[in-house]
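The sequence and the structure are shown first.

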Amino acid sequence: MRITVLEPLGVELTRLRPAELGDAEIGVLAGLLAEHGFAVLPGQDLDDRGFTRFLGRFGELVFTAGETPVPGHPDLNLVTNAGRSEPPRSVFHVDTSYVREPPAYTALRAVTVPERGGQTLFTDQYRAFDTLPGELRARLAGRTVTHRVTGVDPGGAQESEAEHPLFRRHPITGRTSLYLSSPQRCPAISGLDDEEAAEVIRFLYAHSTAEAGTYRHTWSPGDLVMWDNGCVLHRADHSDVVGTRTLHRGMVAAYRGTP
């Protein structure tokens with residue numbers, strides 16, 4: 001495995017074949033994800049069966065209610081712009097954070113890469129916490145943030161929400177990250193009234209998604225990208241896509257060695 005550290009976050013891993021990784025190598029990869037946020041594994045010759053088997057080495061797979069499954073692979077979901085009259089909407093977020101135990105990892109496998117555009121962006125939430133003004137950090141210490149979503153079932157009637165620490169300690173690195181999703185999905189902070197919470201969340205979100213701290217991944221055929229939901233936010237940029245962008249997504253429920 002050859003490791004290239006990316007800036008301002010992430011790693012690229014070459015000379016690596018997921019099907020050949022042993023437990024020790026999986027542990028190393030989990031550590032790299034926890035420390036650097038995401039990993040790009042270029043040039044992979046994986047089908048959906050191999051992709052699912054690789055993710056299963058990290059733990060039990062989990063599927064988000066309301067997503068479109070990949071035919072024949074119910075643990076994976078389809079991410080595509082094919083057949084859409086308008087481009088998908090994407091803002092920086094954490095995957096499925098509105099449940100009590102959010103998924104630890106998400107991964108995407110390139111199926112069809114567009115001629116241009118369609119990048120996936122990542123921001124470092126360790127950095128977001130570390131660079132908060134000291135007074136604000138002290139004021140928010142120990143508080144929780146509500147993560148909420150509506151319409152998570154195909155009928156659009158269900159609502160789900162969960163409380164999480166706003167400052168979250170990572171179970172592998174022990175480092176603290178800012179843990180929030182988009183303002184639309186984070187309506188409340190414990191101990192603050194609605195107006196004050198909305199103002200703080202807007203500030204935190206803008207702070208944590210600044211362009212200077214963002215990495216843009218441009219997709220190539222054979223790419224596999226995996227990230228740690230505990231220390232990054234991500235989004236897709238559909239503003240200049242030319243051609244079809246189809247990815248298959250899988251998620252792992254928990255960190256290795258945790259319940």
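This is a predicted model: local features need pLDDT of at least 70, side-chain atom pairs count only at pLDDT 80 or more; totals for chains, interfaces and linings use all residues.

Nonpolar side chains tend to be buried together in soluble globular proteins.

Leaving aside residues up to four places away in sequence, Phe58 touches Ile26, Leu29, Ala30, Leu33, Tyr105, Met226, Val252, Ala254 and Arg256.

## Overall form

The protein has 5 helices and 17 strands. Its C-alpha atoms fill a box of roughly 50 × 40 × 35 Å along the principal axes. For 259 residues, a compact globule would have a radius of gyration near 18 Å, and the value for the protein, 18 Å, agrees with this.

Of the 259 residues, 48% count as buried. Contacts between residues at least 6 apart in sequence join residues at least 24 apart in 78% of cases. The protein exposes about 12200 Å², of which carbon and sulfur atoms supply 47%.

Gly230 is found in the loop between β15 and β16 (232-236). Is Gly230 buried or exposed? Gly230 counts as buried because its relative accessibility is 5%, and the cut-off for buried is under 20%.

Not counting residues up to four places away in sequence, the contacts of Gly230 are Ala104, Arg168, His170, Ser177, Tyr179 and Tyr255. Gly230 lies 100 residues from Asp130 in sequence, with 15 Å between their C-alpha atoms.

## Backbone exceptions

Most residues other than glycine have a negative phi, and most peptide bonds are trans. The peptide bond from Glu7 to Pro8 is cis, with omega near 5 degrees. Pro8 lies in the loop between β1 and β2.

Two residues other than glycine with positive phi are described here. Arg15, in the loop between β2 and α1, has phi near 55 degrees. Thr96, in the loop between β6 (73-80) and β7, has phi of about 50 degrees. At 68% relative accessibility Arg15 counts as exposed, whereas Thr96 is buried, with a relative accessible area of 12%.

## Salt bridges

How many salt bridges does a search of the whole structure find? The search finds 10. One of the pairs is Asp23 with Arg57, whose closest N and O atoms are 3.0 Å apart. Asp23 lies in helix α1 and Arg57 in the loop between α2 and β4 (61-62), so the pair ties together parts that are 34 residues apart in sequence. Asp23 is exposed at 56% relative accessible area, while Arg57, at 29%, counts as partly exposed.

The side chains of Glu196 and Arg139 also meet in a salt bridge, at 2.2 Å from N to O. This pair links helix α5 (residues 194-208), which holds Glu196, to helix α4 (residues 134-140), which holds Arg139, across 57 residues. Glu196 is partly exposed, with a relative accessible area of 27%, and Arg139 is partly exposed at 36%. Between strands, Arg148 of β9 (residues 144-150) pairs with Glu161 of β10 (residues 159-165), 13 residues apart; their closest N and O atoms are 2.6 Å apart. Arg148 counts as partly exposed at 32% relative accessibility, and Glu161 counts as partly exposed at 41%.

## A nonpolar surface patch

Met1, Ile3, Val5 and Val28 make a nonpolar surface patch of about 320 Å². Val5 is found in strand β1 (residues 2-5). Val5 counts as partly exposed because its relative accessibility is 46%, and patch residues must have over 30% relative accessible area.

Conventions. Residues are numbered from 1 along each chain as its sequence is written. Side-chain values use heavy atoms; hydrogens and water are left out. Patches are made of residues with over 30% relative accessible area and no salt bridge: like charges are joined within 9 Å, nonpolar side chains (Val, Leu, Ile, Met, Phe, Trp, Tyr) within 5 Å. Accessible areas come from the Shrake-Rupley method with a 1.4 Å probe; for residues, only the protein chains shown count as cover. A salt bridge is a side-chain nitrogen of Lys or Arg within 4 Å of a carboxyl oxygen of Asp or Glu. Helices (H or I, at least four residues) and strands (E, at least two) are DSSP runs, numbered from the N terminus. Buried means under 20% relative accessible area, exposed over 50%, partly exposed in between (1.4 Å probe, protein chains only). The radius of gyration is taken over C-alpha atoms; the globule rule is 2.2 Å times the number of residues to the power 0.38. Contact means heavy atoms within 4.5 Å.
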